[in-house]
Amino acid sequence: MRDNLVKHLLLSCASLSIVFLAGITVTLFKEGLPIFKEVSVFKFLFGRYWYPTYDPPDFGILPLILGSLWVTLGALFVAVPLGVGSAMYISELAHPKLREILKPTVELLASVPSVVYGFFGMVFLGPLVQRLFDLPVGLTCFTASIILGMMALPTVASIAEDAISAVPRELREASYALGAMKWETITKVVVPAASSGIIAAVILGFGRAVGETMTVLMVAGGAAVIPRSVFQPVRTMTATIAAEMGEAPMGSDHYHALFGIALVLFFITLGFNLLADKIIKG
Amino acid sequence: MRRFKQFVGFVVLKTSVVVGVLFLFSLIVVIALNGARVLSPGFLLEFPREGMTEGGIFPAIVGTFLLSLGAVGFALPLGVLGAIYLREYAGGGRLVRIIRTGINTLSGVPSVVFGLFGLAVFVKLFGFGVSVLSGSLTLGVLILPVIIRATEEAIEGVPREFREASYALGATKWQTVKGVVLPAALPGILTGAILGVGRAAGETAPILFTAATFYTRHLPGSPFDEVMALPYHIYALMTEGTEPEHQVPIAYGTALVLLLLVLAVNFIAIVIRYRARRARKW
């Protein structure tokens, strides 16, 4: 009797994640949907102008979607080679003692708060990029991509490493027995065998980078226009929400539009996470 | 030729690790060198003065302390109980699969979306206002997956024989969980709680509209007061105000304090995990 009661109590605690997730979904719909009475879904998603405080206002989030996409793809250009390379090195080449040091180091990289990365980007990397490429401003899509890439690196590296470590030893031994060298074994046997895990790592890295807020808010420069070059300031969906929610009067069109952006963002990250989940489980 | 290829390949892999480590290193060095210049007992223990251009960051330290402790206080019991259900009570059924997908999805939700959720639900719907309470609850939801995962991992590490011995002595399931499994899993659970503190302390976007304020004259007197917080303080110093030549050094100091805090917390977690692994007699 008592055990049964306990069991139900525990079950309700376990279900809380679902409850919160449902709460988030309902909240986003409830506060986000009203904007679609003002603008059509199509105009919201593909409108080229985001002027929420003009009269009449423009609620087109295409520049923000493209801003997020550019910065995130740029981040993957940094995070994927470095992350997968690091994973290969840590699991295949590093001495066990070195591995014991490198793995916590990668974890530390993941634990640095995003606002600290953003700060570092503003005071160090931004000015460096500006001087190096002789630009009018240092806070650009390019700068944000580098920082964001370093932030996504641990995600990519740790999941790719799990996948690589899970490749059975017999496969490697068979490859050596056929006369293959270590490098050939890594590239032609281990990596193909771990490929679905590595792809999942890349997708999760994308999900992590596209949802990142403070770094892009501080480093990407913040211009809500469709980007034409990577050396231009851009503005992402996340940064827009963070920067404007404080000023948007509760219940206004602007407020609902920001929730509308969050809705789009939520479904993008949800889609990528479920996809990665599916790939990992096979 | 094959040897040369292998040599080049290894160098590339090594480089990718070096780049990551170097980035982390330079971030720490830049912030440590510049931050150390303003760090002093007064900086840690005084209130800000002259519109944030002088004085210390004491209220922000207190605020971050309260917020992350509140978050863990909320998420730890719920997360631990939930994890016990998933590991000890649930079979492999459909419900568990759904709960697990929920936990995974929750951990992939962008932090700014948590902020909106907190704003709509805790600040508005529950009427807690912009306050320590709203911020703690929002951060608590965010770190729930961290706690659940750490606890699950810890419980998983407890050998089956422990439970069987307990049953053999006539203990019920709940007695076994309470008296045998949880004590054995305690170091792992503690690690999870500590990681949760670190994560909550560094997050900015979730407290942006739920708890944080740029400046208060007083420490919070009740859970319904708004607070200053270290990560938000960095952001505000870099983006608001008109005297960057005075604000940036303070931001460096604040970033150093936050970085030290988060790294120390993570380091403690790593040490606890390592010690528990070595002290384990099974």
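Predicted model: local features only at pLDDT ≥ 70, side-chain atom pairs only at ≥ 80, totals over all residues.
Residues are numbered from 1 along each chain as its sequence is written, chains are lettered from A in the order in which they are written, and side-chain values use heavy atoms, with hydrogens and water left out.

Let's start with chain A. Its secondary structure comes to 13 helices and 2 strands, these being DSSP runs numbered from the N terminus (helices are H or I with at least four residues, strands are E with at least two). Along the principal axes, the C-alpha atoms of chain A fill a box of roughly 75 × 75 × 30 Å. Of the 282 residues in this chain, 55% are buried (under 20% relative accessible area with a 1.4 Å probe, protein chains only; exposed is over 50% and partly exposed in between). Take the contacts in chain A with a separation of 6 or more: 70% of them come from residues 24 or more positions apart, where contact means heavy atoms within 4.5 Å.

Now zoom in on helix α9 of chain A, residues 182–193, where A:Trp183, A:Glu184, A:Thr185, A:Ile186 and A:Val190 are buried. What covers them includes α4 (62–93), α7 (141–165) and α8 (169–177) of chain A, together with α1 (2–36) of chain B.

Over in chain B, helix α3 (residues 58–89) packs against helix α4 (residues 94–108) at an angle of about 140°, with the axes 11 Å apart. The axes here are lines fitted to C-alpha atoms over the stretch in contact, and angles run from 0 to 180 degrees between N-to-C directions. On the α3(B) side the contact is made by B:Tyr85, B:Leu86 and B:Arg87, and on the α4(B) side by B:Leu95, B:Val96, B:Ile99, B:Arg100 and B:Ile103.

Finally, the rings. Searching the whole structure turns up 24 aromatic pairs over all chains (rings of Phe, Tyr and the six-membered ring of Trp, with centres within 6.5 Å; planes under 30 degrees apart are stacked, over 60 edge-to-face and the rest tilted). A:Tyr51 and A:Tyr54 are stacked, at 4.6 Å centre to centre and 10° between the planes. B:Phe117 and B:Phe122 are edge-to-face, at 5.8 Å and 75°, and both are buried. Ring pairs also link B:Phe117 and B:Phe122 with B:Phe126, B:Phe128 and B:Phe224 into a cluster.
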